[in-house]
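Morning, everyone. Please bring up the structure, and I'll talk you through one part of it.

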Amino acid sequence: MKFPDFSYARPATISEAIKLLSGNDDARPLAGGQSLLPMMALRMASPGLLVDLGLIEELAVIADGDATLRIGAMVTHDTTARSEAVARRTPLLRQALHHVAHQAVRNRGTLGGSLANADGSAEMPVVAVALDAVMTLQGPDGVRRIRADEFFQGHYTTAIGEGELLTCIDFPDSARSWAFEEVSRRPGDFALAMVAAGLQIANGKCLNASLVIGGVSDRPIRSESAAAVLDGRTLDRAVATEAAQIALDGVRVRSDIHADARFRTELAKNLVVRALLRAGGAND
Amino acid sequence: MSGRAAYIADLAFPDVLHVSILRSPFAHARITAIDVSAARAHGGVVQVWTGADVLPRCGGVMARMELPGFVPTVQPILAHDIVRFVGEAVAVVVATSQAAAEDALELIDVDYDELPVVADIASAVAAEVIANEAVPANLVYRGHRCQDDVDNDFARAACVAQGRFSNNRVSATPMEPRGCIASHEWTSGQLTVWSATQMPSFLKTMLAIHLAFPEQRIEVITPQVGGGFGQKAHVHPEEILVCLLAIELGRPIRWIEDRRENLLSATHAKHQINEMAIAVDADGRFLAMRNRSSTDGGAYNSLPWTHLVESHVGASTLTGPYRIANFNDESLSLVTNKCPIGAYRGVGWSAGHIARETLIDRAGRELGLSPFEIRRRNLVDQSDYPFTTPTGLVIREGTFVQTLDRLEQMVDYRSFRERQTAALAKGKLLGLGLCVFNEVSGVGTRALSFLHTPVTTHDTATVRVEPTGKITVTTPLVAAGQGHLTTFAQVAADAFGVPLDDVTVLAGTTRNAHGFGTVASRGAVFGAGTIGRAAEAVKVKIRQLAAHLLQTGAERITLSEGRVHVTGSPEQGMPLADLAGAAYFADATHPPEFDPALEATAAFDPADVVLANGGHAAIVEIDLETCLVRVDQMFAVEDCGKMINPMIVEGQIRGGIAQAIGMTLLEELVHDGEGQLVTTTLMDYLLPTSVDVPDVQIAHLETPSDLVPGGVKGMGESAMISAPAAIIGAVNDALALVGASVESFPASPQRIFDALQRASKVDAVPAL
């Protein structure tokens with residue numbers, strides 16, 4: 001299939017990009033093109049103007065800063081996966097990247113593109129929420145920063161406003177030990193369910209647990225009540241299972257041709273147990 | 001690998017026009033209006049046609065089978081009045097670029113009145129709604145291969161195993177989708193058609209009939225083809241459409257299908273329900289089999305296979321290589337509002353084999369017999385030959401028991417059961433499945449007659465010894481990645497005793513010899529048969545001339561090592577090149593009445609069914625937490641007679657097993673209740689990848705065929721006939737540990753989950 005007609009611009013700076021994007025409903029930023037271009041080829045999307053961000057160098061930088069690890073929106077998954085700073089400071093991100101599609105897609109796909117696309121079954125939004133990432137949005141009215149928790153608003157829906165561009169993502173250092181678990185039909189497919197679990201162990205007791213579940217809803221689900229179950233407890237399979245049982249309470253779990261809500265719920269719960277045990281170093 | 005092979009999309013033509021086809025978004029609807037004016041006005045558009053434009057030029061694809069009671073259908077080239085499946089062609093845009101054609105397609109405005117839909121076998125049988133008004137009661141054909149009285153057998157059986165097996169609708173999904181380019185030269189009246197087809201000669205004849213065009217002025221050229229697997233062994237409406245446009249517009253017309261179009265509208269396959277039961281006595285001996293098989297055949301019959309390619313053909317070998325005295329079956333070929341069903345590797349056999357082997361395992365479990373033992377007690381053995389199956393297949397040869405023994409060794413059955421028990425203690429379900437099969441291979445007239453799909457087929461080949469002793473072979477058979485040019489060259493080189501390099505095989509145009517096609521495990525058999533027979537005819541002349549020159553009898557002449565010589569005395573002779581030179585250029589050397597044409601054309605069609613055989617075993621592991629099935633090990637035993645090229649045979653086995661894994665665990669064309677296809681990309685239609693397919697352990701047995709020169713048998717379909725049954729058998733062996741089973745496929749995580757919810761022995765898994 002061929003693309004529908006569109007105009008194409010390749011600005012060299014963020015401000016030029018924002019100028020092209022503002023006031024034009026029909027304009028879309030183009031990052032790695034791994035979601036948008038297939039949609040265009042299938043003629044399910046037909047933006048009038050593509051603003052290719054590929055020339056904007058400052059978007060493609062990983063900054064190993066004092067307070068946070070800052071990843072530019074145009075850094076490719078492959079670059080992220082190979083980054084020493086990412087491996088050191090956000091090992092969860094690196095773990096999750098193994099599940100992102102295939103090498104050919106990771107060579108082109110970008111962190112910012114994946115987050116801005118906000119597919120409910122994609123890995124990067126789950127990681128961003130789990131690690132309390134902060135998104136920097138730049139638009140005609142200036143720069144604002146927004147927490148990942150508030151950034152994802154639904155399937156393919158984010159807090160990015162008209163004319164705004166996601167420019168970089170800050171990952172604060174995490175004291176937690178993290179594990180990522182995912183099930184998909186084949187390696188590289190979108191997840192049927194996935195879980196990021198993080199916790200600290202002090203004197204054999206579990207502290208400060210965090211659980212984020214993806215692929216079950218239109219956005220990453222943070223389960224605070226399940227995390228609270230673990231507080232001060234000795235982590236074992238029984239405790240992890242207790243947490244898992246309530247992890248999706250109140251969530252309307254989605255169904256599709258690969259997994260109905262009931263199966264998906266059970267799958268996610270099993271992954272919660274696996275992820276918690278692995279994060280806690282509990283050998284099963 | 002050079003990367004230089006030219007597939008149809010690589011062919012460049014000046015002045016070519018591109019085609020884009022508007023396809024129905026509804027499974028069943030009346031077209032009340034089509035407005036193409038905006039599309040016609042779009043830049044770059046040369047022509048827009050609807051059904052009304054095509055109908056006077058061609059009434060549609062006519063598909064019938066000469067059986068009493070068979071209901072033929074005609075699939076319009078472009079729908080007129082009514083669309084009958086999602087993806088049916090409604091209109092076509094011809095433009096100077098593909099993009100312009102696709103842009104214009106979006107400007108066509110069609111008004112549809114939706115009609116009630118026949119979306120599955122149950123509603124087809126109920127026939128309250130009719131999917132295609134040409135087919136009363138939605139029934140294309142009701143078949144009965146055997147009507148034995150089996151009631152007594154079932155009444156006295158110690159064990160009756162039965163089930164209702166729903167096989168999934170799948171696509172052959174060749175990596176290269178379909179494509180066709182046609183060029184009509186009005187000055188010479190020549191129509192040249194490049195098509196990614198498995199049946200170029202058949203396509204040529206069908207184009208002549210459907211276009212009312214003189215056949216001698218049609219040439220079908222087959223470039224490199226990127227996989228066919230049966231899907232490209234049909235005459236597709238698009239091929240006729242492209243030719244009509246080429247004749248109308250006088251410019252080359254190019255249609256290259258995209259993946260979505262392929263999944264929507266290229267023939268689907270394997271969609272059957274089998275309600276099967278087997279009666280077994282207390283010693284584990286099979287008494288009888290009963291089966292009712294229904295095919296969800298889609299809206300039209302495909303040309304040439306029709307709906308009969310599934311359940312009806314499947315019934316012919318349902319009892320397989322087992323001694324089953326009594327068989328009672330019915331097969332229903334039903335129309336539904338879906339894409340037509342067609343041939344796909346293993347055709348109607350895959351689904352029935354899954355049902356049969358699953359039931360054999362169940363009976364074995366009930367009677368306390370190992371899966372090997374229960375099969376061993378029932379397999380046709382050497383002492384039974386000739387053995388006539390209930391459907392009339394005469395088994396004269398085959399290595400069924402040896403296959404089973406070899407599989408048991410390869411699997412190491414005893415240690416597998418130990419591993420299975422140990423794994424269960426850790427919460428993992430391991431399972432072993434197997435299937436023993438015979439394959440109706442090298443399918444010619446007799447085989448098609450046995451399958452109750454009466455079609456006469458033969459192929460021809462021409463073999464010429466050139467003046468310098470080199471060999472030129474022309475064949476109508478084409479390859480889609482199977483390496484046939486190599487195997488055919490081997491056949492010719494062996495026949496003349498010359499090096500492989502001395503042979504050139506010309507294939508890929510209907511200017512060569514005539515044939516039926518590279519389908520139904522025919523390539524090796526018909527290649528060996530036609531080339532072997534034509535070579536023999538040429539060798540008669542060579543022996544005649546050599547005998548004259550060497551002053552001996554023709555029966556004492558041998559061709560070997562590039563020489564023609566007296567048998568047993570290589571020095572008493574001459575190089576083949578010298579002899580050929582004498583035939584062409586030295587009249588004085590010829591014996592009286594010698595016809596010097598060192599060239600012969602010969603036809604071949606086996607005198608009986610060429611029966612190959614073999615077996616497969618699979619070991620799978622089911623993760624109880626994720627419900628994912630992983631195929632850990634695959635084993636194949638193949639007896640395809642004399643192998644021309646073992647590497648190619650093993651490639652066929654491995655490729656077929658990959659497809660079997662896809663069909664049983666991953667692939668499913670999912671339709672909703674309105675007949676809407678929801679799996680239209682390879683993101684949703686899940687093909688197996690390299691990580692889903694384990695290494696395959698292969699063993700060979702060899703029972704040469706006396707029906708085919710060289711003793712070869714066909715084997716291209718074997719893995720898709722039998723490996724699916726082994727894989728599903730393994731899944732059900734694993735599930736049996738907890739008292740569960742699956743009868744709907746693929747065995748996806750969802751279906752494993754559902755099966756586990758119904759499990760009767762969940763306590764078998766120790767609490768972790």
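Start with a sheet in chain B: three strands, open, in the order β26-β27-β28, paired antiparallel. Strands here are DSSP runs of E, at least two residues; helices are runs of H or I, at least four; both are numbered from the N terminus. Two strands count as paired if DSSP finds at least two bridges between them. In general, strands of a sheet pair through backbone hydrogen bonds, parallel or antiparallel.

This is a predicted model: local features need pLDDT of at least 70, side-chain atom pairs count only at pLDDT 80 or more, and totals for chains, interfaces and linings use all residues. Residues are numbered from 1 along each chain as its sequence is written, and chains are lettered from A and ligands numbered from 1 in the order in which they are written.

Which strands stand at the edges? β26 (557-560) and β28 (569-575) of chain B do; each has a single partner strand, so one side of each has no neighbour in the sheet. From one strand to the next, the twist averages 35°.

Now the pairing. β26(B) and β27(B), residues 563-566, share four antiparallel bridges. B:R563, in β27(B), is the bridge partner of B:S560.

Next, the helices. α16 of chain B, residues 523-550, lies across β26, β27 and β28 of chain B, at about 115° to β26(B). Helix α17 of chain B, residues 576-585, packs on the sheet too, touching β26, β27 and β28 of chain B. Its direction makes about 45° with that of β28(B). Contact means C-beta atoms, placed from the backbone, within 7 Å. Angles run from 0 to 180 degrees between N-to-C directions, with axes fitted to C-alpha atoms, for helices over the stretch in contact.

Methods: Two residues are in contact if their C-beta atoms, placed from the backbone, lie within 7 Å.
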